Amino acid sequence: MDIFGNSTNLKGDKSKRQLRTKDELDFSYADTINEGLTKIEEKDIPGYLYFFKISIAMLFIILMGKLFYLQIVFGTANEKLAEGNRIRPRVIEASRGEIYDSNGVWLARNKPDYSLSIYPSDLPKKTADREDMLKKISETTGVGYNDLKKSIQEKGNYFLDSVVIKEHLSHDEALLMEEKIAGLPAISISLSSSREYVRLPGIGHILGYTGMVSENDIKSNKNYLLSDKVGKTGVEKSHEIELRGTHGVEQIEVDSAGNILRVLVKEGNINPISGNNLTLYIDRELQNKTSEALLAGMANARTMTKNEINSGVVIVMDVRNGGILSMVSLPDYDNNLFSTKISDTDYNNLVNNKTEPLFDRAIKGTYPPGSIVKIIMATAGLAEGTIAKNTSFDTPPNITIGDYIFPDWKDHGNTNVVRAIAESNNVFFYSVGGGFDKIKGIGIDKTKKWWELFGLGSPTGIDLPSESSGLLPDPDWKQRVIKEPWYIGDTYHVSIGQGDLLVTPLQMVRATAAIANGGKLLRPQLVKKITDSNGVVIKENSVDIQREGFASPEVIETVQQGMRMAVTAGSARALQELPVSSAGKTGTAQFLNNQKTHAWFEAYAPYENPQIAVVVLIEGGGGGNETALPVAKEILNYYFSR
């Protein structure tokens, strides 16, 4: 029997058989073994191993293909991606445009501002290493560990841009800090700018201030960065588009620790573009003089009324173009407090102050106008034909309607419209509005129409945010809000600027200017022109006439004569001492259930060729001729004596 179990007769077949060589035997043996193993595999190995073998082969093919794809097909692109791990785009902050007064003197400018920033993506990736590094950074910089960690977590551990962790460092503090952080990864000193404002009374309400961009800001403008500062109030907000520049970008090379190695010169670098500069109509010296006069007037009112008086407004407007030359609302605030991060103490002192220094009374405060509204009522009565220039009738010291008495401050006797304006005759204007004796009166509907023609009841359109509209009462409003019908007494009250009628000081200076310039209702403007960083004029604002021709020249001239007579022979005779001719109208408006009165005065000058209009309001200041008129007189004297 051979090794494979076959029987062999060695003796009997010896003559016929030839013995195999060793090689033949080995080949035959191996071949037979392989054949036997194949038979075993086919019979005994499970089928799922076939799929395993096929999967291994396919995986190998895929891996080879992927390797070919990454290294050959997209090799160049991936090289650039790898380069991005060490080349970081850095934003170059654009300078914000500056703001100047009408004479080119700065009102708002930029100053260097150093900050300590951290790049979260450059911190160690392992949690333990990251925590250790943050503790080390905290100890070195003095920034609280929890504050540091919170600042990073708000942006994310892999946030690529910088996160400011300590701002408003002085130059010396920045140099010292730079020495301390040398060798620390992910942290650096960055240079930006902050706003500096001239400290001038009332300028905070006009200019406003900038602050860190908010979530709503970013939603409204996708170009904002998280580190941007934007206008929050005042001109800074209303002219954000013009003042804001366009940031640049440069490529910087950093090492594995985030330290800057060099600035690269690449095609992707973009130079920043500075914001445009604004030149206002505001005259810095006049603004200062206006505030001095108002403060003196408020002090005088305190002495005369024995009341605590802290609030007042003065506005000076160019009647030819609507430019606001001066606008002071007191009390005011220092907007430099907001140019850096305002302290909790300072902020609470502002918002909890009962005098409301953050409130701009010039454009947001609403008050009963008192007798200064009579220039509108006179225009309405003349234009509607209820009275004529020569209409004259006896005006007793009061009117009695049923059980109610509507008083005047004296018996004016026989009066026409010119004299009624000059003497501030209540009975005459009761008659114009609601009727009396032979005067029919124009009624509340036509009265409201003329209020609106002079711009009352709606924002003036000045280039400042959050302007108030005031309130124009009528029968529908009273029924809807107070749930009462409209009475003739209501018409009498609003005809002399009392009752529920509310206006802003800015609305009244515009109405005064409309009388002065012959019947043109102008949009008040703060910005005179816009220039680029090189001084090239981009835009020069022109006169914006919102309405004209709504009253005839003859009607306007008659009202002008009445205001002029107030100076020559009426309630504003103190203005005769000015170096130029002028026209004016006093006003005293009751409030707080007639317990106190606001002091008003409106004027323009010169009378023959008007240039400016002035409106003065002293809250609770008593009689307009006693406390408000002297303020206007001082301002007019200063303006025309320079």
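Predicted model: local features only at pLDDT ≥ 70, side-chain atom pairs only at ≥ 80, totals over all residues.
Colleague: Is the crossing of α15 and α18 left-handed or right-handed?
Modeller: Residues are numbered from 1 along each chain as its sequence is written, and side-chain values use heavy atoms, without hydrogens and water. A crossing is left-handed if the near helix is turned anticlockwise from the far one by less than a right angle, and right-handed if clockwise. For α15 and α18 the crossing is right-handed.

Colleague: What word describes how α15 and α18 lie to each other?
Modeller: Helices (H or I, at least four residues) and strands (E, at least two) are DSSP runs, numbered from the N terminus, and axes are lines fitted to C-alpha atoms, for helices over the stretch in contact, with angles of 0 to 180 degrees between N-to-C directions. The axes of α15 (residues 426-434) and α18 (residues 488-495) come within 8 Å and cross at roughly 125°. Angles under 35 degrees count as roughly parallel, over 145 as roughly antiparallel, 65 to 115 as roughly perpendicular and the rest as oblique. The two helices are therefore oblique.

Colleague: Which residues in α18 does α15 meet?
Modeller: Contact means heavy atoms within 4.5 Å. From α15, Phe429, Tyr430, Gly433 and Gly434 take part, and they meet Ile488, Thr491, Tyr492 and Ser495.

Colleague: Which residue in β15 stands opposite threonine 400?
Modeller: Strands pair if DSSP finds at least two bridges between them, and β14 (residues 398-401) is joined to the antiparallel β15 (residues 404-407) by 4 bridges. The two form a hairpin with 2 residues between them, and glycine 402 in the turn has a positive phi of about 65°. Opposite threonine 400 stands isoleucine 405.

Colleague: Is serine 424 buried or exposed?
Modeller: Serine 424 sits in the loop between α14 (417-423) and α15, and has a positive phi of about 55° although it is not a glycine. Buried means under 20% relative accessible area, exposed over 50%, partly exposed in between (1.4 Å probe, protein chains only). Its relative accessible area is 9%, so serine 424 is buried.

Colleague: Nice! What relative accessibility does leucine 592 have?
Modeller: Leucine 592 is in the loop between β21 (583-591) and β22, and has a positive phi of about 55° too, without being a glycine. Leucine 592 counts as partly exposed because its relative accessibility is 47%.

Colleague: What is omega for the cis bond from alanine 605 to proline 606?
Modeller: Proline 606 lies in the loop between β22 (596-605) and β23 (612-618). The omega of this cis bond is near -15°.
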